Each structure stands twice: as C-alpha cells, then as structure tokens.
Amino acid sequence: RVNGTETTRFKTNAMIHGVAEYISTISRYNTLEPRDVIWMGTDGKSPDLKSGDVVEVEITGLGVLRNPFRRDGAV
C-alpha cells in the first residue's frame, strides 16, 4: 500500500522462485542479520513514490511493515 491505497497484490507461492529459495541464495553471498529487510521485487509495475509517502507491505499471518519513503537529500 502507498498512503493507505493498495497498489499491488500477489501471492508469494506464485513467484518464479519461492521465498525460502530466494533467502537461501541471498545468504550464500550476504550475511543476513536481525531486522534486515529483503526486497524481492514485484509482479507488476511499481508505483512512483515521492518523498513523504508511507509504504506498507503486508504478509498474511506475519504482519505489516510500514515505512516512510525518503529520497536522498529530502527532509
């Protein structure tokens, strides 16, 4: 969601590479630490974000990650 409006929805089990495989592959090259966030992309066009937008990612059964978007140099 961007500013409370759903912009994209898809099922993780419909992804070409599953979540477990993706994490396993990434962890071969990078040490994952608590609180790390992995961006796995989207199945469609990403919305144009502007500084100050609030972006939410929700995974059913896991929760919602909510962050303000800030462009480099923006206050």
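**Briefing: salt bridges, strand pairing and selected residues**

Arginine 9 counts as exposed, at 66% relative accessibility. The model is predicted. In this model there are 5 salt bridges, and Arg1, Glu56, Glu58 and Arg66 are linked in a network of such bridges. Strand 1 and strand 2 pair in the antiparallel sense.

**Arginine 9 and glutamate 6**

- Arginine 9 forms a salt bridge with glutamate 6, and the closest N and O atoms of the pair are 2.9 Å apart.
- Glutamate 6 counts as partly exposed, with 43% relative accessibility, whereas arginine 9 is exposed at 66%.

- Arginine 1 and glutamate 56 meet through their side chains in a salt bridge, with an N to O distance of 2.7 Å.
- This pair links distant parts of the chain, since arginine 1 is in the segment before helix 1 and glutamate 56 is in strand 1, 55 residues apart.
- A salt bridge of 2.9 Å, N to O, also joins the side chains of arginine 1 and glutamate 58.
- Arginine 1 is partly exposed, with a relative accessible area of 26%.
- Glutamate 58 is likewise partly exposed, its relative accessible area being 47%.

**Glutamate 56**

- Glutamate 56 has its place in strand 1.
- Glutamate 56 counts as buried because its relative accessible area of 13% falls under the 20% cut-off.
- The side chain of glutamate 56 makes a polar contact of 2.7 Å with the side chain of arginine 1.
- A further polar contact, of 2.4 Å, runs from the side chain of glutamate 56 to that of arginine 66.
- Leaving aside residues up to four places away in sequence, glutamate 56 touches Arg1, Val64, Leu65 and Arg66.

- The antiparallel pairing of strand 1 and strand 2 runs over 6 bridges.
- Isoleucine 59 has glycine 63, in strand 2, as its bridge partner.
- The hairpin of strand 1 and strand 2 has 3 residues between the strands, and in this hairpin glycine 61 takes a positive phi near 85°.

**Nonpolar surface patch and leucine 65**

- Val37, Trp39, Val57, Ile59, Leu62 and Leu65 make a nonpolar surface patch of about 650 Å².
- Leucine 65, one of these patch residues, is located in strand 2, which covers residues 63-68.
- Leucine 65 is partly exposed, with a relative accessible area of 38%.
- Besides being part of the patch, leucine 65 is among the residues that glutamate 56 touches.

**Leucine 49**

- Leucine 49 lies in the loop between helix 1, residues 19-29, and strand 1, residues 54-59.
- With residues up to four places away in sequence not counted, leucine 49 touches Val2, Val55, Phe69 and Arg71.
- The C-alpha atom of leucine 49 is separated by 25 Å from that of alanine 14, a residue 35 places apart from leucine 49 along the chain.

Conventions
Residues numbered from 1 in each chain as written. Predicted model: local features only at pLDDT ≥ 70, side-chain atom pairs only at ≥ 80, totals over all residues. Heavy atoms only, no water. Helix = DSSP H or I, 4+ residues; strand = E, 2+ residues; numbered from the N terminus. Contact = heavy atoms within 4.5 Å. Patch = residues over 30% accessible without salt bridge, like charges linked within 9 Å, V, L, I, M, F, W, Y side chains within 5 Å. Areas by Shrake-Rupley, 256 points an atom, 1.4 Å probe, with all protein chains shown as cover. Salt bridge = Lys/Arg side-chain N within 4 Å of Asp/Glu carboxyl O. Buried < 20%, exposed > 50% of the residue type's maximum accessible area, 1.4 Å probe, protein only. Pairing = 2+ DSSP bridges. Polar contact = N/O pair within 3.5 Å; in protein donor to acceptor, adjacent residues only side chain to side chain.
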